[in-house]
Amino acid sequence: MAITFHIPSYLSAFAGNRNSVTLNTGPPTVGEALESLWQLHPGLRDRIVDEQGEVRQHINIFVGNECVRFTGGLATQVPKDAELLIVPAVSGGLAFPDEFDT
Amino acid sequence: MPSVQHVTARRGDTLVLVGTVKGLFVLRSNPARKRWDVGGPYSAGCPVYAAALDTRAGRNRLWWAQQSFRWGPSLLSSDDFGKTATSPETYSVKFPADAGWTLKNIWQICLGAADQPDVMYCGVEPSALFESHDAGQSWSMAQGLFNHPHRPKWTPGGGGQCLHTILPHPTDRKRMIVAMSTGGAYRTDDGGASWQPRNENIRAEFLPEKYPEFGQCVHKIAFNRSQPERLYLQNHWGLYRSDDFGNSWCDIANGVPSDFGFCMVVHPHDPEIAYIVPIEAPEFRCTPEGKLRVYRTRNGGRSWEPLTRGLPQKNALETVLRDGMAADALHPAGIYFGTRSGKFYGSNDEGKSWQLILEGLPAVVCVKAAVVGDGASGSAVSKSTKKAKAPVSKPRKKTKR
């Protein structure tokens, strides 16, 4: 059993200049799979999750074609030989605070 | 991505760092400050609310904070004025996991005194202070302020709950004053173990109690390092001065078209002189009457005069934000500001005349100026021996506006 993470190009520098990382063990959940990924490539962690371990607002993680936001979040089960995609969200037109300031 | 330009700078050049909502620009000029080279944008696409040039201990290290809406806020540095940037593998400024908070933005990068060349501070959103004692390699959160019992009552303004001003006392290492929106000014006299609100006589128009102990929306505090007891404060309504490092404040809104505004800069060589850009009102955050006017006091706030030569005096509905103005430490001092509309102005004669240096920038949220190789701890460092005059006004009576 193995799972493969697909890494966005912006973050490949923090994954040994690779666009995918394969883990030869199959953690049962997305959260545990990410923890295994951080152990191999610690530079990915702060860029994908915040201090509380939550996936950043404008990043989506897919297991296959399903975004984990709709399948249980980090508790989503990872099936055998799954492919996990880390994808920057489509967030164009993001509104900044009206005044940028108080 | 946009084409990125780079500048090269030599000792004695002025460097102005212009942070915008779409990246950092680095402007360089020789001491005449008439022509400018432009580098950047660095961190293109990301808001840059904080920047600094560290010239202490022989460095010329550029620091800036990028607020990537995807990858989170982080601190970067460069030893070649931006050409190559160092981004630590793991973010250096972040809340401890057990604090229960998530960093939203870094609003201020502050350098310690010249004789503490490895000390740095960051002010962040949500309001907290971080410090480094190894020249920015590692950072820790100031627990005394983070655990302040007032914290639950600090509330975010339109820009977020940010700690935006950090003024370490240049000679007394145990003293520092910080400001946040909202919350107001807080001071420590014991090296950060405890913090007391320092908002006496500062009004809070948006609260039932107009002069509370804390909760004010202080927009900026500034000082001249040669006379650190004297502070100038631009409030969310109100201009104030303190002559006792924040123990008390007196109203100095004498002759300005509005006492609302964001930025406040003190002259680098004369603590009697300060600069502001009045804004009409919170409901209309533009320069009054469509005139872009910098106001200057030369007598500690007893009176203010408009500085307009070279600035548009009609159809100029501009906004200069809290960190949108800075001064360099040359003689005569250079004064610089950027607007939300992406214009960048500079004066090489202390404000007598102004030049539109750049336009078409993204909205400017941060301007910092420094002289390459001067060994000082950031912009606006004075070697003046000029003495300030006595207080010019008493605290205004606590009446409703």
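This briefing covers a predicted model of a complex of chains A and B.

Residues are numbered from 1 along each chain as its sequence is written, and chains are lettered from A in the order in which they are written, with ligands numbered from 1. Because the model is predicted, local features need pLDDT of at least 70, side-chain atom pairs count only at pLDDT 80 or more, and totals for chains, interfaces and linings use all residues. The predictor gives the complex an ipTM of 0.89 and a pTM of 0.93.

**Confidence**

- Chain B has an average pLDDT of 93, where pLDDT is the predictor's confidence in each residue, from 0 to 100.
- In chain B, 94% of the residues score at least 70.
- Residues 379–401 of chain B stay under 50 in pLDDT. The model has 53 contacts beyond four places in sequence for this stretch. A contact means that two C-beta atoms, placed from the backbone, lie within 7 Å.
- Where pLDDT is low, predicted coordinates should not be read in detail.

**Chain A: fold**

- Chain A holds two helices and five strands, in the order β-β-α-α-β-β-β from the N terminus. Helices (H or I, at least four residues) and strands (E, at least two) are DSSP runs, numbered from the N terminus.
- Of the 102 residues in chain A, 25% are buried. Buried means 20 or more other C-beta atoms within 10 Å of a residue's own, exposed means 12 or fewer, and partly exposed lies in between; C-beta atoms are placed from the backbone.
- Among contacts in chain A between residues at least 6 apart in sequence, 56% join residues at least 24 apart.
- The five strands form an open, mixed sheet in the order E2-E1-E5-E3-E4 (chain A). Its edge strands are E2 (20–23) and E4 (66–67) of chain A, each pairing on one side only. Strands pair if DSSP finds at least two bridges between them.
- Strand E1 (residues 3–6) and strand E5 (residues 83–88) of chain A run parallel, joined by three bridges. A:His6 stands opposite A:Leu85 in E5(A).
- Helix H1 (residues 30–40) of chain A lies across E1, E2, strand E3 (59–63) and E5 of chain A, at about 110° to E2(A). Axes are lines fitted to C-alpha atoms, for helices over the stretch in contact, and angles run from 0 to 180 degrees between N-to-C directions.

**Interface**

- Chain A puts 22 residues into the contact, and chain B puts in 28 residues.
- Helix H2 (residues 45–48) of chain A gives the most to the chain A side, with three residues.
- That side of chain A has eight nonpolar, five polar and nine charged residues. Ala, Val, Leu, Ile, Met, Phe, Trp, Tyr, Cys and Pro count as nonpolar, Asp, Glu, Lys and Arg as charged, and the others, Gly among them, as polar.

**Cores**

- The largest nonpolar core has 114 residues. Those with the most contacts inside it include B:Trp64, B:Cys263 and B:Met325. Such a core is a set of buried Ala, Val, Leu, Ile, Met, Phe, Trp, Tyr and Cys residues joined through C-beta atoms within 7 Å.
- Strand E29 (residues 364–371) of chain B supplies the largest share of this core, seven residues.
- A second, separate core of 18 residues includes A:Leu37, A:Val49, A:Val68 and A:Ile86.

**Chain B: strands**

- Four strands form an open antiparallel sheet in the order E3-E2-E1-E29 (chain B). E3 (37–42) and E29 of chain B are the edge strands.
- Strand E1 (residues 14–20) of chain B pairs antiparallel with E29(B) over seven bridges. B:Leu15 stands opposite B:Ala370.
- Strand E7 (residues 105–111) of chain B has seven of its seven residues buried, so it is largely enclosed by the rest of the structure. Six bridges join E7(B) to the antiparallel strand E8 (residues 120–125) of chain B.

**Chain B: backbone details**

- The peptide bond joining B:Ser181 and B:Thr182 is cis, with omega about -10°. B:Thr182 lies in the loop between E12 and strand E13 (184–188) of chain B.
- A cis bond also runs from B:His331 to B:Pro332, with omega near -5°.
- B:Arg33 has a positive phi near 55°. B:Arg33 counts as buried because 24 other C-beta atoms lie within 10 Å.
- B:Phe81 has a positive phi of about 60° without being a glycine. B:Phe81 is buried, with 23 other C-beta atoms within 10 Å.
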